[in-house]
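Work through the exercises below with the sequence and the coordinates open beside you. Each task is followed by a solution that goes step by step.

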Amino acid sequence: SSYTAVEDAFKCILQTLTDAQDCIQNKWEDFKKKRADLERKMNEHNLVLNGHKRVSLCVGGQIFDTTEETLLKEKETFFWAMLRSGQWQPDDKDGRYFIDRSPQKFSTVLDYLRDGEVWNLNRLSTDETNKLRKEFDFYQVPFPEVTP
């Protein structure tokens, strides 16, 4: 009789442990699903810390990472069409947009969109200024005024 009582207590403990293990396993599976969903959403939105959508560009083979907000500072530009028309998609598996242009000149355009100015623009030769103006024209970004 005491053997039966011990056996019943053991069965009760075993059932409690089995139930707890099942509960933990279910919570673990829920956690993994929620984590995968969150990672998918983060990848879909490609968010950066400040909450703006990150955009990755490959310009002439060089990678530039910026935000959608930066690229859309000027309306009716190349970037506005690229990001808002719905007709452009990133070209590679990493989600980058490929642009077949000079990366050196593009960095100046991007800096202008970020900061609203081009450093040392007044120090460029006429030829360099014209080449840079052509790049701004390609992207349909207004060329900054040259100040002495």
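**Exercise 1.** Which residue in E2 is the bridge partner of Ser-56?

*Solution.* This is a predicted model, in which local features need pLDDT of at least 70 and side-chain atom pairs count only at pLDDT 80 or more, while totals for chains, interfaces and linings use all residues. Residues are numbered from 1 along each chain as its sequence is written, and side-chain values use heavy atoms, with hydrogens and water left out. Helices (H or I, at least four residues) and strands (E, at least two) are DSSP runs numbered from the N terminus. The partner of Ser-56 in E2 is Asp-65. E1 and E2 run antiparallel and are joined by 6 bridges, where strands pair if DSSP finds at least two bridges between them. The open sheet has 3 strands in the order E2-E1-E3, with mixed pairing; its edge strands, E2 (62–67) and E3, each pair on one side only.

**Exercise 2.** Determine how the rings of Phe-78 and Phe-138 are arranged, and which parts the pair ties together.

*Solution.* Rings of Phe, Tyr and Trp (its six-membered ring) pair if their centres lie within 6.5 Å, and planes under 30 degrees apart count as stacked, over 60 as edge-to-face and the rest as tilted. By this rule there are 12 aromatic pairs. The centres of Phe-78 and Phe-138 are 5.3 Å apart and their planes stand at 40°, so the pair is tilted. Because Phe-78 lies in helix H3 (residues 78–84) and Phe-138 in helix H5 (residues 126–138), the pair ties together parts that are 60 residues apart in sequence. Phe-138 also forms an edge-to-face pair with Tyr-139, with 5.0 Å from centre to centre and 85° between the planes.

**Exercise 3.** Classify Phe-78, Phe-138 and Tyr-139 as buried, partly exposed or exposed.

*Solution.* Buried means under 20% relative accessible area, exposed over 50%, and partly exposed in between (1.4 Å probe, protein chains only). Phe-78, at 12%, is buried, and Tyr-139, at 0%, is buried, whereas Phe-138, at 32%, is partly exposed.

**Exercise 4.** Identify which members of the largest nonpolar core touch the most other members.

*Solution.* A nonpolar core is a set of buried Ala, Val, Leu, Ile, Met, Phe, Trp, Tyr and Cys residues joined through side-chain atoms within 4.5 Å. The largest such core has 24 residues, of which Leu-57, Leu-71, Phe-79 and Tyr-139 touch the most other members. Helix H4 gives the most to this core, with 5 residues.
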